[in-house]
Amino acid sequence: MTLLCMAAACGQTPSTSTSASPGGPDRPVDTQAAPSPAVPVGHTLDPRKVPWSSATPGEGGRSLDVVWWSGVEPCHVLDRVEVDERTDKVIVTLYEGQDRRSPDAVCIEIAIQKTTKVELRSPLGDRQVVDGAS
């Protein structure tokens with residue numbers, strides 16, 4: 001009963017909901033917050049490729065704003081971004097790992113959206129942007 005009273009006293013509506021994604025587990029979707037900015041830190045523990053969900057060209061097509069679903073720090077930090085620019089496409093591969101300063105950290109399993117800006121050597125033009133993790 002006490003918990004019910006405490007929850008009712010808060011009077012706030014949660015800002016997240018859960019939506020099913022085809023072929024995968026339910027992911028929390030935050031309907032009010034923008035993706036959290038992330039910058040590559042390098043030298044993480046066990047870096048691995050992570051798929052991204054969107055890559056939006058920046059002004060002038062000289063950069064991409066890449067968005068992906070991830071976990072919380074220090075268990076999931078952006079290690080590096082590899083960009084392979086070709087004449088017909090740009091392949092962007094994100095790598096995440098665990099922060100080297102927290103090798104024994106235990107993190108909650110919650111999905112959050114992150115974003116990073118990727119600079120291109122030449123304007124994107126009509127080249128296709130491809131996820132290197134797929």
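**Entry 1**

I started with C107, which is buried at a relative accessible area of 17%. For my own use: buried means under 20% relative accessible area, exposed over 50%, and partly exposed lies in between, with a 1.4 Å probe and protein chains only. Before going on, I noted that this is a predicted model, where local features need pLDDT of at least 70 and side-chain atom pairs count only at pLDDT 80 or more, while totals for chains, interfaces and linings use all residues. I also noted that residues are numbered from 1 along each chain as its sequence is written, and that side-chain values use heavy atoms, with hydrogens and water left out.

Where does C107 sit? I found C107 in the loop between β8 (89-98) and β9. Strands here are DSSP runs of E with at least two residues, helices are runs of H or I with at least four, and both are numbered from the N terminus. Leaving out residues up to four places away in sequence, C107 touches V72, E73, P74 and C75; contact means heavy atoms within 4.5 Å. I also looked at G71: its C-alpha is 8.3 Å from that of C107, although the two are 36 residues apart in sequence.

**Entry 1: the disulfide**

How many disulfides does the structure hold? I get 1, taking a disulfide as a pair of cysteine sulfur atoms within 2.5 Å. It is formed by C75 and C107, with their sulfur atoms 2.2 Å apart. C75 lies in the loop between β6 and β7 (77-85) and C107 in the loop between β8 and β9, so the pair ties together parts that are 32 residues apart in sequence. The link of C75 and C107 is right-handed, with 85° about the S-S bond. Both C75 and C107 are buried.

**Entry 2: the whole chain**

Next I stepped back to the protein chain, which has 1 helix and 10 strands. Along the sequence I read the pattern α-β-β-β-β-β-β-β-β-β-β. Of its 134 residues, 29% count as buried. Among contacts with a separation of 6 or more, 71% come from residues 24 or more positions apart.

**Entry 3: a sheet of four**

I then followed the open sheet, in which 4 strands run in the order β3-β9-β6-β5 with mixed pairing. Two strands pair if DSSP finds at least two bridges between them. Which strands are at the edges? They are β3 (36-37) and β5 (54-57), each pairing on one side only.

β3 and β9 are parallel, with 2 bridges, and I found P37 partnered with T115 of β9. β6 and β9 run antiparallel and are joined by 8 bridges. For that pair I looked up D65, whose bridge partner in β9 is K117, and V66, which stands opposite T116.

**Entry 4: the lysine in β9**

Is K114 buried or exposed? K114 counts as buried, since its relative accessibility is 4%. This lysine is found in strand β9 (residues 112-119). A polar atom of its side chain lies 2.6 Å from the backbone oxygen of H76. Beyond the residues up to four places away in sequence, K114 touches P35, S36, A38, V66, V67, W68, S70, G71, E73, H76 and E96. I see that this list includes E73, which C107 touches too.

**Entry 5: an exposed glycine**

Last, I checked G60, in the loop between β5 and β6. It is exposed, with a relative accessible area of 60%. Its C-alpha is 9.1 Å from that of G125, which is 65 residues away along the chain.

Notes
A polar contact is a pair of N or O atoms within 3.5 Å; within protein, one must be able to donate a hydrogen and the other to accept it, and residues adjacent in sequence count only if both atoms are side-chain atoms.
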